[in-house]
Amino acid sequence: MKEFETKTFTIPKLIGISETTIEEHLKLYAGYVKHANLILSHIAELSKDGEKYTFEIAELQRRFGFEWGGMRNHEYYFSSLEKGSSQRNENSPLSQAIKEEFGSFEMWLARFKAIAVTRGVGWVFLSYDKKTKRLINAWVDEQHLGHLVDTSPVLALDMWEHSYVADYLPSGKKKYVDDFFENLNWSVIEKNFADAQ
């Protein structure tokens, strides 16, 4: 069985988010990749006697969704921080789409940040729906509960405590969100949007 590979990311020194946090966070990401592969391997083995192991296979498959989400969500997150921050092009297709959907970039950003500081662990996504040609903000519980079916991620913000508590303490969640946007490489986000279309 072909395995998923742990990607490497070139992340420079960031505003507010320490190198130690990034290093530890990357180890967590590698764990999601490892466990996604292990689960698929176990499912393949148990499926040789699928009738006997129906319950185990079903539970492993449910767990796979969590590991898969942890793997893919982090790949969007880390890639958006690669190679240093870059300015957003106010005339880009993404900027225009945000303005059309939300009224202005500032209005979208305020809504996105309001979702980010909600109580609980999970992710905030800006995703694109090809069918309606619309951008949609969404909260995803944990790694996998709440992904909008048939949408493509454009921007992903990790709101699990491991992404910010060591640098910001629990009370610094809002500052972490602000710093995340200071560190974004908008060219990556623009490419995600182009790919989603």
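Rings of Phe, Tyr and Trp (its six-membered ring) pair if their centres lie within 6.5 Å; planes under 30 degrees apart count as stacked, over 60 as edge-to-face and the rest as tilted. The exercises below concern a predicted model, in which local features need pLDDT of at least 70 and side-chain atom pairs count only at pLDDT 80 or more, while totals for chains, interfaces and linings use all residues. Residues are numbered from 1 along each chain as its sequence is written, and side-chain values use heavy atoms, with hydrogens and water left out.

**Exercise 1. Aromatic pairs**

Task: state how many aromatic pairs the structure holds, and classify the pair of Tyr29 and Phe78.

Solution. 
1. The structure holds 20 aromatic pairs.
2. For Tyr29 and Phe78, the ring centres are 6.3 Å apart and the planes stand at 65 degrees, so this pair is edge-to-face.
3. Tyr29 belongs to helix H1 (residues 19-46) and Phe78 to helix H2 (residues 54-79), so the pair ties together parts that are 49 residues apart in sequence. Helices (H or I, at least four residues) and strands (E, at least two) are DSSP runs, numbered from the N terminus.
4. Buried means under 20% relative accessible area, exposed over 50%, and partly exposed in between (1.4 Å probe, protein chains only). Tyr29 has a relative accessible area of 1% and is therefore buried; Phe78, with 0%, is buried too.
5. Phe66 and Trp160 form an edge-to-face pair, with 6.4 Å from centre to centre and 70 degrees between the planes. This pair links distant parts of the chain, 94 residues apart: Phe66 is in helix H2, and Trp160 is in the loop between strand S3 (151-158) and helix H5 (165-168).
6. Phe66 is buried at 10% relative accessible area, and Trp160 is buried at 18%.

**Exercise 2. The ring cluster and the core**

Task: name residues that ring pairs link into a cluster, then find which residues touch the most other members of the largest nonpolar core.

Solution. 
1. Ring pairs join Phe9, Tyr29, Tyr77, Phe78, Phe105, Trp108, Phe112, Trp123, Phe125, Phe180, Phe181 and Trp186 into a cluster.
2. Arg88 lies over the face of one of these rings, Phe105, at 3.6 Å from the ring centre. The criterion is that NZ of Lys or CZ of Arg is within 6 Å of the ring centre and within 35 degrees of the ring normal.
3. A nonpolar core is a set of buried Ala, Val, Leu, Ile, Met, Phe, Trp, Tyr and Cys residues joined through side-chain atoms within 4.5 Å. The largest one has 46 residues, of which Trp108, Leu135, Leu157 and Phe181 touch the most other members.
4. Another core, of 6 residues, lies apart from it and includes Ile43, Leu46, Ile57 and Phe64.
5. Contact means heavy atoms within 4.5 Å. Not counting residues up to four places away in sequence, Trp108 touches Ile98, Phe102, Leu126, Asn137, Leu155, Phe181 and Trp186.

**Exercise 3. The sheet**

Task: give the strand order of the open sheet, and say which strands stand at the edges.

Solution. 
1. The open sheet has 3 strands in the order S2-S1-S3, paired antiparallel. Two strands pair if DSSP finds at least two bridges between them.
2. Strand S2 (134-141) and S3 each have a single partner strand, so they stand at the edges and one side of each is left without a neighbour in the sheet.
3. On average, neighbouring strands are turned by 25 degrees against each other, direction ignored.
4. Strand S1 (residues 122-129) is joined to S2 by 8 bridges, and Phe125 stands opposite Ala138 in S2.
5. Helix H3 (residues 93-102) packs on the sheet and touches S1, S2 and S3, its direction making about 80 degrees with that of S2. Helix H7 (residues 186-196) also packs on the sheet, touching S1, S2 and S3, at about 155 degrees to the direction of S3. Axes are lines fitted to C-alpha atoms, for helices over the stretch in contact, and angles run from 0 to 180 degrees between N-to-C directions.

**Exercise 4. Loop residues**

Solution. 
1. Leu184 touches Ser80, Ser85, Ser86, Leu155 and Ile189, not counting residues up to four places away in sequence.
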